[in-house]
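The following paragraphs guide a reader through one protein model. Please keep the sequence and the structure in view while reading.

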Amino acid sequence: KLSRASYLYLEKEKIPTSGFMTQSQVLFKGIPFLLKTPLVKHAIRPAVNRLVEQYHIGQVITLEEACRIVDISGHVALFDCWCRRHNGNSEACCMGVGAFGDLADDIPELKYINISPEEAKEIMELYEEKGCFHSVWTVKPPFISTICNCDNKVCHGIEGLNLGISSALHKGHEKASTDPQKCNGCGLCTPICPFGARYEKDGLVVADIQACFGCGLCRNKCPQGAISMKKEFYDYPHQD
């Protein structure tokens, strides 16, 4: 017998599609179009970066971090993913957490399903097995609004990065570290990386630590247990 979380994951077409923020069509389709226009993109890129920083910053997180967030939140509202919806596929994999989850009842036209933190964790695990990475998003930073299980083929955060919007999706707090003594070069980690940080060159698996966003998908795919997540430390300038 399927759990309720597994049922929600598998029966995507039976989850209602939201009419919430249909005006976002302009943002999700209009702005990328302008950023691809040679005569316009350089002029509007700084303004788009400022707009994203002010209203909707995303950051890559590991499955463990996502689970801690839903535990703290307590109330999770499952609704359809805007990125997938704007690419013609209605799929409920976005999770309203914190104040967003608590206020979901007051948002007109938002179609959602209340789920428990345990159900949210199970759904996130199913998406991770599928090769989707997890991200957390703010509305008017620093207030956390949603967790998404992102498909890198349609994620607007990744699209924004590719179009020069550096604030579209931030790197996580951890990096994937490979133990060369355990790695056997099987290459299973290379196609799963959404950010191209792992690739094969001259028959060897190469890990570009600078390109790593810290999602942890490669770690969970490695059959040798050769990959682990390490905390990333940043040096901030000191003021005297």
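Helices (H or I, at least four residues) and strands (E, at least two) are DSSP runs, numbered from the N terminus. The model is a predicted one, in which local features need pLDDT of at least 70 and side-chain atom pairs count only at pLDDT 80 or more, while totals for chains, interfaces and linings use all residues. Residues are numbered from 1 along each chain as its sequence is written, and side-chain values use heavy atoms, with hydrogens and water left out.

The protein contains 9 helices and 10 strands. Of its 240 residues, 48% count as buried; buried means under 20% relative accessible area, exposed over 50%, and partly exposed in between, with a 1.4 Å probe and protein chains only. The protein exposes about 13100 Å², of which carbon and sulfur atoms supply 56%. Such accessible areas come from the Shrake-Rupley method with a 1.4 Å probe, and for residues only the protein chains shown count as cover. Where contacts (heavy atoms within 4.5 Å) join residues at least 6 apart in sequence, 70% of them join residues at least 24 apart.

Helix α7 may be examined next. Spanning residues 117-130, α7 has 14 residues and reaches 20 Å from its first C-alpha to its last, close to the 20 Å expected at 1.5 Å a residue. The expected span is 1.5 Å times one less than the number of residues in the helix. Buried residues of α7 include P117, A120, I123, M124, L126 and Y127, and also E119, K121 and E128. After the helix comes G131, whose phi is positive, near 100°.

E91 has a relative accessible area of 5%, whereas K130 is partly exposed at 48%. Elsewhere, salt bridges that share partners join D71, E118 and K121 into one network.

A further salt bridge is formed by the side chains of E159 and K36 (3.7 Å, N to O). E159 belongs to helix α8 (residues 156-162) and K36 to the loop between α2 (24-35) and α3 (41-55), so that the pair links distant parts of the chain, 123 residues apart. E159 is partly exposed, at 22% relative accessibility, and K36 is exposed, at 53%.

Two other sites complete the tour. K175 lies in strand β7 (residues 174-178) and is buried, with a relative accessible area of 7%. A polar atom of the K175 side chain lies 3.0 Å from the backbone oxygen of I209. On the surface, L2, Y7 and L10 form a nonpolar patch with about 300 Å² of accessible area together. Patches are made of residues with over 30% relative accessible area and no salt bridge, like charges being joined within 9 Å and nonpolar side chains (Val, Leu, Ile, Met, Phe, Trp, Tyr) within 5 Å. L2 is found in the segment before α1 (4-10) and is exposed, with a relative accessible area of 52%.

Note on methods
A salt bridge is a side-chain nitrogen of Lys or Arg within 4 Å of a carboxyl oxygen of Asp or Glu. A polar contact is a pair of N or O atoms within 3.5 Å; within protein, one must be able to donate a hydrogen and the other to accept it, and residues adjacent in sequence count only if both atoms are side-chain atoms.
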